[in-house]
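Please keep the sequence and the structure open while reading.

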Amino acid sequence: MSIMRKIILGYMLLIFIPVIGFGYLYYAQTSKNLIDQFVGSRQKVLEQAYANLRTDFARIQSVHRMMQYNPYLVDYLDGAYDYEGDSVYAFIRYIQPVYTQSYFADPAIESLSVYKTKSDVFTITGYFADLSALDPPLLAQTEGLKAGTGVWLRRNAEGALPQLNYYQYLYNAQFTERIGLLELRTNQELFKRFYEAAGIEGKWHAALLTEQGEPWAGEASAGLDAAMRKRLSGGELFFVERSTIVNQVKLDELGVRLVVTGTVDEVFHSVKKRETVLVAVIVSLLIGLSALYYGLASTITKRILALAGHMRALKDDNLRQYAIGSDAPGARDEIGFLTDTYNAMIQRMDELINNVHRAELRNKEAAYKVLQAQIKPHFLYNTLETIRMLAESNDDREVADISYWFGKLMRYSLSSEGDQTVLAQEIETVAFYLNIHKMRLQDRLTYEIDAKIDVSRIFCPRFILQPLVENSVVHGASATLKPVHIRIEAAEEEGRTVIRVSDSGNGIAPDKLKALRGCLADPEEEAAGRSRDGEKNVGLVNVSERVKSFFGAGSELVLDSREGEGTSVTIRIAKGAEESR
């Protein structure tokens, strides 16, 4: 069978018959499927709108966490301030900003108040009130709330949009006693956003029903008849009852169901419009595909023969590519792909032939650089050893020692034995490093190494101690004129191996300490930390990440410091991880 007949047969089997069959079936099922899809999409929109509402609820409820974990507010409500002046100062300095910030949590927050349970606590009007001032019915509804839970209550019994209040108790620092009741009042903006996101506008109506199917707090029934109520009570989320589309979603926070209803007329109107568009699209598609296949049938054989002729003319001294314009007809179809692959193969053959000489030159250059890399460190080691020997011959012990320590450091730093070592080697290396700095700082620097475990059996990454010791020297000993003592300890605590580097320097300011701990907890903040604290952040974060990567889960780096007293960096290794390598 010729290529032309194969193309025509393929057109009939793969295009014409499937398009006609699919078009007929699609036309027959359009009305039903479109209604089902429409109702299903309405349900998804409604559920997404509820998800947004739950997010709004959570954002508003987060105000309680801000209040609960404000120690000054807790102390105030707990009666920790003996004098009114102390209460006023704490309010203005620490509590009032929390109130102000709470209004930014969500624009739907209209107001907030705290009802204090202790009447002897000094009352700040406009912000606090006694719990006895709360309406008894509301107080009864909130009395059974447990710690960590709150309740949403509807404030208005009338109106198109509900207005809600949120209540949750505040506890003392030990969570053993209620010290206040937080009241958050919301405006209609909360449900206005919810209804807009759910598409409740125009001919669509909404009703809030209780679990028993009754209107909630005077809500309208939205024209629900007995049959609709029965299907809603049966748990159907969406359905079409005669000419009415019904969707519902349960609002768990309020203990009610939102029911949205609308007519089917608009859906049928869109179906008729889409039927006309469908017929026009099918006709246009058949005409277009027929013209396309006619053009392919008349040109495909010519392109294949031209490509085959070029292949036959290909020789060792003729590696010319087969030219085809990027805008030529069919340049991106299967034959165009075959042509591109064929040209790429020719180009690759030409590159392989022409690149042999260049590859040989690169190999020679690489061998020369490897030789250079081997010569330079050895020259440096030999030079340092020569300096040490000359110093010993001249009875200059200090120069001999510092040359020896520096040579050891350079050998360890430039060693290509891998990224893994044992803790004993790390401790020996930082001892050389500290000896050099002690030579410079004299009596201003002392150190001790206390290894209470067998450090020769503990495997660890290279250079996990040197950055920590360097921080103690640079930011501890060198930053002050008082004597500084650096202690390096390796021990076992609570079944875990602990490596601790501590100094008695100036310590770290609380704000910088908080920033550093944030960088250790979230490495994404490392760049911000670097801008505030220089390279110190980089070394700590690098060591922390290497400890977690090498020793696995349960291992960590902990930073402790007191300003004016010193700094301590502790590496805790999970049990068994130090010997698993």
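## Overall make-up

The protein has 14 helices and 16 strands. Helices (H or I, at least four residues) and strands (E, at least two) are DSSP runs, numbered from the N terminus. This is a predicted model: local features need pLDDT of at least 70, side-chain atom pairs count only at pLDDT 80 or more, and totals for chains, interfaces and linings use all residues. Residues are numbered from 1 along each chain as its sequence is written, and side-chain values use heavy atoms, with hydrogens and water left out.

Of the 581 residues, 39% count as buried. Buried means under 20% relative accessible area, exposed over 50%, and partly exposed in between (1.4 Å probe, protein chains only). The protein exposes about 33,100 Å². Carbon and sulfur atoms supply 56% of that area. Accessible areas come from the Shrake-Rupley method with a 1.4 Å probe; for residues, only the protein chains shown count as cover.

Take the contacts in the protein with a separation of 6 or more: residues 24 or more positions apart account for 64% of them. Contact means heavy atoms within 4.5 Å.

## Cysteines

The structure holds zero disulfides. A disulfide is a pair of cysteine sulfur atoms within 2.5 Å. Cys460 is buried, at 1% relative accessible area. Cys519 is buried too, with a relative accessible area of 1%.

A nonpolar patch lies on the surface. Its members are Ile8, Leu9, Met12, Leu13, Leu14, Phe16, Ile17 and Ile20, with about 730 Å² of accessible area together. Patches are made of residues with over 30% relative accessible area and no salt bridge: like charges are joined within 9 Å, nonpolar side chains (Val, Leu, Ile, Met, Phe, Trp, Tyr) within 5 Å. Met12 sits in helix α1, which spans residues 3-68. Met12 is partly exposed, at 33% relative accessibility. An α-helix has 3.6 residues a turn, so residues three or four places apart point the same way.

Helix α11 (residues 466-477) is mostly covered. Nine of its 12 residues are buried. Among them are Gln466, Pro467, Leu468 and Val469. Gly476 and Ala477 in α11 are also buried.

## Strand β3 and its surroundings

Strand β3 is mostly covered, with four of its five residues buried. β3 and β4 run antiparallel, joined by five bridges. Two strands pair if DSSP finds at least two bridges between them. Leu153 stands opposite Asn165 in β4.

The whole structure contains 23 salt bridges. A salt bridge is a side-chain nitrogen of Lys or Arg within 4 Å of a carboxyl oxygen of Asp or Glu. Arg155 forms one with Glu110, with the closest N and O atoms 3.7 Å apart. This pair links distant parts of the chain, 45 residues apart. Arg155 is in the loop between β3 (150-154) and β4 (164-171), while Glu110 is in strand β1 (residues 109-116). Arg155 is partly exposed, with a relative accessible area of 24%. Glu110 is partly exposed at 39%.

## A pair between α6 and β7

Glu241 and Arg231 form a salt bridge, their closest N and O atoms being 2.8 Å apart. Glu241 lies in strand β7 (residues 238-241) and Arg231 in helix α6 (residues 226-233), so the bridge ties together parts 10 residues apart in sequence. Glu241 is buried, at 11% relative accessible area. Arg231 is partly exposed, at 26%.

Asp450 and Arg487 meet through their side chains in a salt bridge (2.8 Å, N to O). Here too the pair links distant parts of the chain: Asp450 in strand β11 (residues 445-451) and Arg487 in strand β13 (residues 484-493), 37 residues apart. Arg487 is partly exposed, with a relative accessible area of 22%.

Glu493 is placed in strand β13. Glu493 is partly exposed, at 31% relative accessible area. Leaving aside neighbours within four places in sequence, Glu493 is in contact with Val498 and Arg500. The C-alpha atoms of Glu493 and Arg572 are separated by 8.9 Å, and these residues are 79 apart along the chain.
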